[in-house]
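Hi everyone, thanks for making time this morning. Let me put the model up on the screen, and we'll walk through it together.

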Amino acid sequence: MAEMVTYLPISSPFIRFAGRFVDEAFGVAAGYNFFVLEVMLVPFEVVACNVIIGYWSDIVPTWAIIAMILLIYGLLNLFAVKFYGETEFWLALGKVILAIGLILYTFFTMVGANPLRDKFGFRYWKDPGSFGEVYETGSLGRFLGFVSCLVYASFTVAGPDYVSMAAGEVEDPRTVMPRAYNKAYGRLMAFFVLGSLAVGINVPYTSQELSEAFETGKPGAAASPYVIAMNRLKIGVLPDIVNALVLSASFSAGNSYVYCASRSLFGLALEGRAPKILTRCTKSGVPYYCVGLVLLIALISFLQVSSGTAEITASQLINFSVIAFTYIRFKKACEAQGLSRDSLPYKGRWQPFTAWYALAGCVTMTFVNGFAVFIHGNWSISTFFFSYTMVGVFPILFLGWKFLKGTSIIKAEEVDLRKDVEEIEEYTRNFIPIPPR
């Protein structure tokens with residue numbers, strides 16, 4: 001991802017790369033898959049914000065909170081990237097503070113720095129143990145528990161794809177984007193791995209309070225293992241702080257989804273794969289029709305007045321698979337046309353092996369993600385369709401466009417690696433940074 005985007009920092013990059021480096025039909029399927037994924041996550045995050053606010057009080061009507069959030073999203077996304085970026089910077093800072101704070105909280109409380117002076121350490125790794133049994137008992141049950149965690153983890157780790165969406169609008173992208181990618185990878189590794197470790201330290205998987213919180217749909221941080229641990233240790237105030245930071249994180253996620261959904265639709269329109277009217281932009285380059293359409297679809301938030309859980313879909317994993325395969329084709333085209341990767345603004349390590357590993361892993365998890373419905377007694381039509389609808393829709397979009405337009409896989413020697421490059425290189429040479437105020 002970083003190699004391709006820093007070389008060609010254009011709007012909706014990995015969607016358009018799929019059409020330029022692989023096949024036009026592949027780009028169409030990839031674009032609509034990503035758009036559907038992002039646009040359907042917007043109402044989920046809006047409703048999540050409302051539920052999180054309910055942790056403190058339900059005095060404000062649901063419709064009022066939803067309307068306010070959608071209005072703020074609209075205002076933020078109709079400004080240029082510098083305003084969007086500024087907003088996301090401060091919201092992201094809240095996420096960082098939350099992640100670091102909870103990791104430090106775990107360390108200090110586990111060694112006895114809590115009101116009960118309970119030095120619980122890794123107690124829950126021994127009793128009830130570090131591996132829970134799911135659906136079955138014994139070794140099979142523990143393996144299925146691991147697979148269940150792997151499914152959720154595969155959707156949780158995201159970031160570089162969202163970073164890339166702003167590539168066509170940021171200043172001096174060939175300098176800024178490599179730094180952004182390096183920070184994204186580092187934070188993902190540190191926060192997700194350490195955060196997962198901390199959760200297992202704070203609460204046992206057999207916690208009755210944790211199970212009841214999810215079963216009854218308790219609002220906001222009430223279902224957080226950290227808050228449950230704080231309540232057990234008689235720690236006050238912190239649960240409210242955690243809930244506030246969780247609210248900022250959820251709001252930030254929804255804001256990012258509006259941005260990414262609108263830019264992915266804009267990218268499709270630029271390539272002639274969506275109505276041309278969607279290419280219209282403000283003077284500052286914001287595709288206002290795309291933003292408006294995304295917010296219009298997000299109005300279904302008003303129908304989701306309950307706090308039900310969201311089913312996992314395969315769209316995110318399909319998106320990662322598309323990125324990995326597109327990069328493999330990009331690398332092959334570079335080799336065929338004599339473009340040295342050493343000349344690129346960013347060069348990834350251990351390629352193409354890591355790309356093939358990512359492709360194999362994502363394709364496998366795409367089919368594994370809804371495995372629970374095939375276990376005796378767990379069949380659910382809604383879960384099945386949420387998990388596998390895009391697995392069927394993606395090839396239909398691909399083959400349908402291929403049949404309609406008569407496209408074919410682009411040979412490595414024929415991939416256009418130079419389009420837009422000269423313009424980008426001239427911009428980079430002549431770029432003069434504006435001193436901060």
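Of the contacts with a separation of 6 or more, what percentage is accounted for by residues 24 or more positions apart? In this protein, that share is 77%, where contact means heavy atoms within 4.5 Å.

A quick word on the ground rules. This is a predicted model, so local features need pLDDT of at least 70 and side-chain atom pairs need 80 or more, while totals for chains, interfaces and linings use all residues. Residues are numbered from 1 along each chain as its sequence is written, and side-chain values use heavy atoms, leaving out hydrogens and water.

Now the overall picture. The protein has 17 helices and zero strands; these are DSSP runs, with helices being H or I of at least four residues and strands E of at least two, numbered from the N terminus. Of its 437 residues, 48% count as buried, meaning under 20% relative accessible area, with exposed over 50% and partly exposed in between, using a 1.4 Å probe on protein chains only. The C-alpha trace spans about 65 × 55 × 45 Å along its principal axes.

Next, please find one particular loop. Glu171 sits between helix H8 (160–164) and helix H9 (173–202). Is Glu171 buried or partly exposed? Its relative accessible area is 46%, so Glu171 is partly exposed. Thr428 lies 257 residues from Glu171 along the chain, yet their C-alpha atoms are separated by 9.3 Å.
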